[in-house]
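Welcome! Keep the sequence and the 3D view at hand, and try each exercise before you read its solution.

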Amino acid sequence: KKSYLVDAKIAVCGQKSVGKSALTVRFLTKRYIGEYDHQADKVHKHEILVDTEAVLVEIWDTCMFDENDSISSKAEALAWCDGLLLVYSINDRDSFNFIKKVKQELQNSDTPVLLIGNKADLIHLRQVSTEEGEILAKDFDCKFYEISAAEQVHQVSDAFLDLCREILQAKRKSK
Ligand code: GDP
Ligand code: MG
């Protein structure tokens with residue numbers, strides 16, 4: 001069994017239907033299949049190259065951080081992960097407000113975070129401006145990607161890889 005020098009555990013969080021599973025599957029398989037199991041609450045393990053380094057990435061495509069989610073399960077996700085991918089969809093203001101709330105709960109955490117405004121292809125249904133996303137990212141002190149799991153491949157990869165880089169950096173610092 002191969003052992004890795006580094007691993008990166010990412011929890012993908014956000015309200016239901018924002019595209020957490022679509023983004024995860026897009027990143028891992030490059031494909032977009034359109035419909036995803038809503039109950040699936042699983043960890044995908046995958047070897048990826050981050051720059052020149054082989055990294056074992058574990059992605060928890062959560063069903064957590066939903067409305068009826070308990071504080072303890074959030075704490076569990078936080079304790080488990082090395083980095084958080086926070087996702088809202090640009091056509092759903094509610095999902096954006098939800099991320100703002102999560103932000104407040106994360107105040108004492110130094111877990112690396114990356115913010116994604118997904119479904120960027122649905123411009124005609126837009127409820128959250130690009131600028132609002134940028135402002136929230138500034139607030140988080142994190143990177144921001146407005147992307148479409150449905151239509152983009154490279155940008156989705158870039159978002160995951162950026163978070164991986166930050167995780168690896170944070171791990172090196174804490175060693
Ligand atoms: P989750 O509940 O956050 O895991 O959301 P899913 O990944 O299951 O996606 C919910 C729905 O939104 C599905 O019907 C997806 O096909 C759709 N969806 C996901 N990403 C996009 C996107 O970038 N653009 C559009 N138009 N639809 C998307
Ligand atoms: Mg899902």
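**Exercise 1.** Which residues does isoleucine 116 touch, not counting residues up to four places away in sequence?

*Solution.* A word on the model comes before the steps. This is a predicted model, in which local features need pLDDT of at least 70 and side-chain atom pairs count only at pLDDT 80 or more, while totals for chains, interfaces and linings use all residues. Residues are numbered from 1 along each chain as its sequence is written, and chains are lettered from A and ligands numbered from 1 in the order in which they are written.

Step 1: Two residues are in contact if their C-beta atoms, placed from the backbone, lie within 7 Å.

Step 2: read off the partners. Isoleucine 116 touches Leu23, Leu85, Leu86, Val87, Tyr145, Ile147 and Ala159.

Step 3: Ile116 is among the residues with the most contacts inside the largest nonpolar core, together with Ile10, Val12, Leu85, Leu86 and Val87. That core has 42 residues. Here a nonpolar core is a set of buried Ala, Val, Leu, Ile, Met, Phe, Trp, Tyr and Cys residues joined through C-beta atoms within 7 Å. Buried means that 20 or more other C-beta atoms lie within 10 Å of a residue's own; exposed means 12 or fewer, and partly exposed lies in between, with C-beta atoms placed from the backbone.

Step 4: ask which elements supply the core. Two or more residues each come from E1, H1, E3, E4, helix H3 (93-105), strand E5 (113-118) and helix H5 (154-173). H5 gives the largest share, seven residues.

**Exercise 2.** How many helices and strands does the protein chain have?

*Solution.* Step 1: know the labels. Helices (H or I, at least four residues) and strands (E, at least two) are DSSP runs, numbered from the N terminus.

Step 1: count them. The protein chain has five helices and six strands.

Step 2: The elements come in the order β-α-β-β-α-β-α-β-α-β-α.

Step 3: look at the chain as a whole. Of its 175 residues, 37% are buried.

**Exercise 3.** In what order do the six strands form the open sheet?

*Solution.* Step 1: decide when strands pair. Two strands pair if DSSP finds at least two bridges between them.

Step 1: list the order. The open sheet runs E2-E3-E1-E4-E5-E6, with mixed pairing.

Step 2: find the edges. Strand E2 (42-50) and strand E6 (143-146) each have a single partner strand, so one side of each is left without a neighbour in the sheet.

Step 3: check the pairings one by one.
- E1 and strand E3 (residues 53-61) run parallel and are joined by six bridges; isoleucine 10 has isoleucine 59 in E3 as its bridge partner.
- E1 also pairs in the parallel sense with strand E4 (residues 83-89), over four bridges; alanine 11 has leucine 84 in E4 as its bridge partner.
- E2 and E3 run antiparallel, with nine bridges; histidine 44 has isoleucine 59 in E3 as its bridge partner, and lysine 45 stands opposite glutamate 58 in E3.
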